[in-house]
Amino acid sequence: MSDSAALVDETWKVLRARVDERLARCLDAGPDCPPRLREAMAYSLLGGGKRLRPVLALSACEAACGEFERALPAACALELVHTYSLIHDDLPAMDDDDLRRGRPTNHVQFGEALAILAGDALLTLAFEIIARDVQPAGNLPPEVAVACCADLAAGAGMCGMVGGQAADIEAEAHEPRGGHRPKGGPPRFEPGIVPEQGVSLDGARVDHRGDKPRGSSTDLDVLQSIHRRKTGRLIQSAVTIGARIGGAAPETFQALENYGRSVGLAFQIADDLLDVTGCADRMGKAVGKDSAQGKLTYPALLGEEESRRRCREAVEAAGRAIAPLGERGRRLEALAQFVLRRDH
């Protein structure tokens, strides 16, 4: 096992265990929370997962010369937001998935209405935790907790994850606005138009139906814009929130922010590749759905080889960003390498 892989294993063993322990306590909401709602929240929140975002937050806090324990509440808030997004992404009106982490998705298990409410409750609880617990946990000035709250909202909101998801839905198979393609139905095409941008692709549009990839710089710009918000922005927020709590100096904060941006891009390219090459048993969910649904992805535009090259470039950029941190950035460097080689 390489030094990087060993460090990732150690990081996951130590930090993920602390996150899982704290997450279970987050749902001790008292008698006013309906038991079935809490069960639905716990089903998705405590049902496994890599905990990448909280581990990045804790590692960034440590890299900024802080004790990672100070960032535990914020790390849990990030996982609450991520889990809410998965519950809602799996809904029939969104990605329409029946399997998540090897188990039935939340709406399959609890029904659509309760799944929506469970996601809503997790999102709301995340901001309660940030507002209530971040300042005392780290003995921080109140303005740090306020900045963390704003950072999380920006990463998750209309210009971040939610905005990216909306743009992805519009770009999917060139669906007309307001339209919805039933599960298993053929994609409806609006030739030459990307709805998010409303621009002509001059005959060079991507063929989402699985033919040889074709594309233009416009296609790639649209794809990068979607991924930067849908996946990358919350990963970047995980790193910058950890940096804030760790008391990062301005130059360290900038280095960590650049690292988070690059890791977020690498993670999404790797995710696109796994949908093409991954094993459903390892992934714990269906694979091959992106191309079937006409999604704009890196392999569809650029092919597998070029997508892998760009993923490596993004990981290398992440490493360069934190090189000035020296030994303090070792965990983060190892986590970036994990994104490159992950198989689930």
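Author: Let us begin with two residues: Y43 is buried, and so is F110. The model is predicted, so local features need pLDDT of at least 70 and side-chain atom pairs count only at pLDDT 80 or more, while totals for chains, interfaces and linings use all residues. Residues are numbered from 1 along each chain as its sequence is written, and side-chain values use heavy atoms, with hydrogens and water left out.

Reader: What makes a residue such as H88 count as buried?

Author: Buried means under 20% relative accessible area, exposed means over 50%, and partly exposed lies in between, with a 1.4 Å probe and protein chains only. H88 has 15% relative accessibility, and therefore counts as buried. H88 is placed in helix α4 (residues 72-89). Contact means heavy atoms within 4.5 Å; leaving aside neighbours within four places in sequence, H88 is in contact with M94, A115, I116, G119 and D120. Of the 344 residues of the protein chain, 53% count as buried.

Reader: Why is the pair of Y43 and F110 called edge-to-face?

Author: Rings of Phe, Tyr and Trp (its six-membered ring) pair if their centres lie within 6.5 Å; planes under 30 degrees apart count as stacked, over 60 as edge-to-face and the rest as tilted. The ring centres of Y43 and F110 are 5.3 Å apart and their planes stand at 75°, so the pair is edge-to-face. Y43 lies in helix α2 (residues 35-45) and F110 in helix α5 (residues 106-110), so the pair ties together parts 67 residues apart in sequence.

Reader: How many aromatic pairs does this rule give, and why is the pair of W12 and F338 called tilted?

Author: The count comes to two aromatic pairs. For W12 and F338, the ring centres are 4.9 Å apart and the planes are at 50°, so this pair is tilted. W12 belongs to helix α1 (residues 3-26) and F338 to helix α15 (residues 330-341), so parts 326 residues apart in sequence are tied together. Both W12 and F338 are buried.

Reader: What makes D90 and R100 a salt bridge?

Author: A salt bridge is a side-chain nitrogen of Lys or Arg within 4 Å of a carboxyl oxygen of Asp or Glu. The side chains of D90 and R100 meet at 2.8 Å, N to O. D90 lies in the loop between α4 and β1 (99-100), and R100 in strand β1, so the pair ties together parts 10 residues apart in sequence. Both residues, D90 and R100, are buried. The structure holds 19 salt bridges.

Reader: How do you know that the span of helix α6 agrees with expectation?

Author: Helices (H or I, at least four residues) and strands (E, at least two) are DSSP runs, numbered from the N terminus. The expected span of a helix is 1.5 Å times one less than its number of residues. The 27 residues of α6 (residues 112-138) should therefore span 39 Å, and the end C-alpha atoms are 38 Å apart, which agrees.
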